[in-house]
Amino acid sequence: MAASGTGRGVVRPGRPPALRPRRDRRLGAGPARAGQGRGLRGGRTGAGAGHRRGAHRAGPGAADRHPRAQPAGVDGRGHDRAAGGGRPGGAGAARVRGRAALGLRGAGRPGRRGPHLDRPAGARRSAPGAVPALAVRGVVPDRLRGRAGPPAGRAPDAAATGARHRRHAALLRLRGPLGDPGGPRLGTAVPGRLLLRVRRDHRRRPAHRPRAAAGLRDRQGRLRGRLRGPAPPRLAARAPVGRPPPRHLRLDLTSPGDASVTSKKSVSLAADDRARLLHGTHHDPHSVLGAHPVPDGGVAVRVFRPYARAVTVVAGQDLRAGLHDDGDGFFSVLLPLSEVPVYRLLVEYDGTVQETEDAYRFLPTLGDLDLHLLGEGRHERLWEALGAHPMTHQGVPGTRFSVWAPNARGVRLAGGFNFWDGTGHPMRSLGSTGIWELFVPGIGAGELYKFDITRPDGSHTLRADPLARRTEVPPSTSSIVHASGHEWADEEWMAHRADTPVHEAPFSVYEVHLPSWRPGLTYRDLAEQLPRYVSDLGFTHVELMPVAEHPFGGSWGYQVTGFYAPTARLGTPDDFKYLVDALHRAGIGVLMDWVPAHFPRDDWALAEFDGRPLYEHSDPLRAAHPDWGTLEFDFGRREVRNFLVANALYWCEEFHIDGLRVDAVASMLYLDYSREPGQWTPNEHGGRENLDAVAFLQEMNATVYRRVPGVVTIAEESTAWEGVTRPTDTGGLGFGLKWNMGWMHDSLEYMSHEPVHRKYHHHEMTFSMVYAYSENYVLPISHDEVVHGKRSLVSKMPGDWWQQRANLRAYLAFMWAHPGKQLLFMGQEFAQGAEWSEANGPDWWLLDPAYGAEADHRGVRDLVRDLNTIYRATPALWQRDISLAGFQWIAGDAAEDNVFAFLRYDAEGTPLLAVCHLAPVVRTDYRLGVPDEIPAWHETLNTDAAPYGGSGVTNPDPVKPEPQGSHGRPTSIRLTLPPLATVWLRPA
């Protein structure tokens, strides 16, 4: 797609006047306007005299000499002109006023007259470059630009021209006749001539000067001495003949030795280089553009500025030279210097002059170490090497742009700063790494940009930056230059984050979809509300559904295009940092869903990024994801692995993310995932395992745990793949935790049955303990379980509204007591009855006191708060989650009673007794065997308590063991089991 000012991918319609093509305004293409020169050069008419740049064109007969000259009365674009000259709309009058401003004759009022301007009407024009000086930073306006000169090989007799103006030809070539003696001086560009800036010296002239050799003009000796070698012994400057000197002028040259450089030598680009630059296929524009020493002496300066009318190079205070217009936006000049100077450019467009640095005078911004690591695919801080980075390079502020596009024939930079036309900003290729780089001076944070990539077939594609750290708000797609200014205030959290391994710490997670949690809130708004809400409910962490930029909101963030940019829907990257900072200061960890499995096919993003499969696998069968219509990453390519591994580090290091929940791991691990026979190719061993994906996941986990202590990686893996949370050095994938999808499916299936039928499905609640310690598990009730017709959590429960809430409360307490960590999706904490919708978010109105059933929903939320409070204060519920010693069944086979009873132990051996009764009846004196060393038990939580909306059947008094054996234990207790409830008891 082409780009627009908003990054939507369409070239901005209409080009501003300053950037309109000027192909018909080049050398020899101007009109011969009758009478235009009247008063400026004696009122001469005819070809070459009336063009708006005619004051700088060659002498009489220019239209006859140059093949592109137009007949009198027709301008360079084929428009008719009146015989009296002048542009439409009163331009002729403006020209008279312009002459008046310059103090020239024929301007309608007296002007200051210099002897070279005081000529009778009909006098011939002066030689090219003879123009009045103007006070515009040394750049002549378009009407008096002075680029046009005689065609090569047809130069006028310099000596004769100089004689007409009472000066030597050498001086004429260098300086041209001066206008207003009191105005600023200017060296203007004439083909084949060197023009140097003259510096005024306001000191008084000495009272006496040695007489110059007879027959020589003013200061001829000084010029020849500097430019042509040693002067004759008696050659010296003297006062001008026929008029007083305007001021003392001193020409600044680097050294007399530079005089050997001849300005007549052409240094314009070769035709091949021009064509490659124009078509965007040049791999090294810095080798031909910018300033370069030439073998025969001097420094060639070449500039590529499409739509520019003139370019002047300025070096310090001593040198200013106009560049020759070589056509098609190319300009060049040969400077008589022995070394490349530090210089700037004055670029004139229609109606404006820009002073700027030359982007092609700078060395590469990436060093050898960066390129080596990029080539190896081991640059662990890739975001610092690629993308857009404001910086100061060689003492000049600007932005470095770099991108990986190894198949591209050329890459150009397009953005708002060049009106989305990248022609004038080609990037250079850095060796064999496939990296293209360009430092653009004067560009800073906030600029929009994309990469204009020339595909192998010569076509062009405009792409967003894969490593953009900030993007436009969708549906706009441009990347934005970003520089972070956030100052972190979470030092205490970060200092203690790694104190306790996550497996041995409380870990209760509230899953949030930020755009819909409270629709309309920004990151900074969320920073004021979300930490307070989560802290009140007692969760230890929040898990954010994908934050990385994605074009389609309906994907919930799982089809990512901007892997290094937080979505701009809610604010800037610094705003997102502010939210993470606020959560940390509230004592809440931040997990983030991360999607390295696949990416969408948008033609402005990663798909066939440089014209060929790059981030995706080259085999179409391996690249296409059959379920989601997306493309899978090529995990076997080292640069792609580097892109993803560095991305995981980026979120953890730059945004202080405490953990990554890796999405769709199963789809990465299996070559035949959702594919029929014949749609996949076995691996090198004949199996269906994706060995490249296995290697990538191991590398990612090992690198993250090595570089960012205290973080956790969590796998959403729904199969029986062995060793997901086993360390990589023993052959595992290296994750810290794994979602227990089996427990989630089985337990929800059991709860969906009517209580009378549950005895036939008793195993669905107990089977999870068969494999509970094979991995380090999280028990997830995630967004996936409450959308697309699956109903909300409370709506999955059978029975009437009271029974549904009772079942939900009992199920949540069973979940919190089960070995493993917990995750609950937003809205389920207060028993929302409707499915989640990303457009509406949770039904917060259910908690409005004005709503009649508000107490029912508030009761469930109060239970969740108490579950988290007791959970965090009871090490038996989290300290030995991954140890067999932390769990014991008491009653796992009471299917007829719908009862499950078990013990949890902490590291000191202190137990917690959990009893789950999932029948809608009250059971009194229900006997359960317990450890004999506990003298009494106290009920610490009962989901049937009245404040939660229950019936109020509790065990208010301490329960003492009796010496009666039960469930294989010598002592037992008798409890009253409430209907559809879970009870927790601790030693009294």
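Predicted model: local features only at pLDDT ≥ 70, side-chain atom pairs only at ≥ 80, totals over all residues.
Residues are numbered from 1 along each chain as its sequence is written, and side-chain values use heavy atoms, with hydrogens and water left out.

**View A. Helices H18 and H19 pack against each other.**
Helices here are DSSP runs of H or I with at least four residues, strands are DSSP runs of E with at least two, and both are numbered from the N terminus. Two packed helices are described by the angle between their axes and the distance between the axes. For helix H18 (residues 801–817) and helix H19 (residues 854–873), the angle is about 10° and the axes are 11 Å apart. That makes H18 roughly parallel to H19 (angles under 35 degrees count as roughly parallel, over 145 as roughly antiparallel, 65 to 115 as roughly perpendicular and the rest as oblique). Axes are lines fitted to C-alpha atoms, for helices over the stretch in contact, and angles run from 0 to 180 degrees between N-to-C directions. On the H18 side, the contact (heavy atoms within 4.5 Å) is made by Trp-801, Arg-805, Leu-808, Arg-809, Leu-812, Ala-813 and Trp-816. H19 contributes Asp-856, His-857, Val-860, Leu-863, Val-864, Leu-867, Asn-868 and Tyr-871. Together, the residues of this contact divide into ten nonpolar, two polar and three charged. In this grouping, Ala, Val, Leu, Ile, Met, Phe, Trp, Tyr, Cys and Pro count as nonpolar, Asp, Glu, Lys and Arg as charged, and the others, Gly among them, as polar.

**View B. Strands S3, S4, S8 and S7 form an open sheet.**
Strands of a sheet pair through backbone hydrogen bonds, either parallel or antiparallel. Here the four strands follow the order S3-S4-S8-S7, and the pairing is antiparallel (two strands pair if DSSP finds at least two bridges between them). Strand S3 (290–293) and strand S7 (324–327) stand at the edges with a single partner strand each, so one side of each is left without a neighbour in the sheet. From one strand to the next, the twist averages 25°. Helix H6 (residues 271–279) packs on this sheet and touches S4, S7 and S8, its direction making about 135° with that of S8.

**View C. Within that sheet, strand S8 pairs with S4 and with S7.**
Six bridges join strand S4 (residues 299–304) to strand S8 (residues 330–335), and Val-299 stands opposite Leu-335 in S8. Three bridges join S7 to S8, with His-324 opposite Ser-332 in S8. The hairpin of S7 and S8 has two residues between the strands, and there Asp-328 takes a positive phi near 60°.

**View D. An open sheet runs in the order S6-S5-S9-S10.**
The pairing of these four strands is antiparallel. At the edges stand strand S6 (319–322) and strand S10 (352–356), each with a single partner strand, so one side of each is left without a neighbour in the sheet. The twist averages 20° from one strand to the next. Strand S9 (residues 344–349) is joined to S10 by five bridges, and Glu-348 stands opposite Val-353 in S10.

**View E. Asn-898 and Asp-925 each take a positive phi.**
Phi of Asn-898 is near 55°, a positive value in a residue other than glycine. At 3% relative accessibility, Asn-898 counts as buried (under 20% relative accessible area, with exposed over 50% and partly exposed in between, using a 1.4 Å probe and protein chains only). Asp-925, found in strand S34 (residues 923–930), has a phi near 50°. With 49% relative accessibility, Asp-925 counts as partly exposed.

**View F. Gly-554 sits in the loop between strands S21 and S22.**
The loop runs between strand S21 (548–549) and strand S22 (562–566). Gly-554 is partly exposed, with a relative accessible area of 27%. The C-alpha atoms of Gly-554 and Ala-839 are separated by 8.5 Å, although the two residues are 285 residues apart along the chain.

**View G. A cis peptide bond leads from Pro-474 to Pro-475.**
The omega of this bond is near 10°. Pro-475 is found in the loop between strand S17 (460–463) and strand S18 (479–480).
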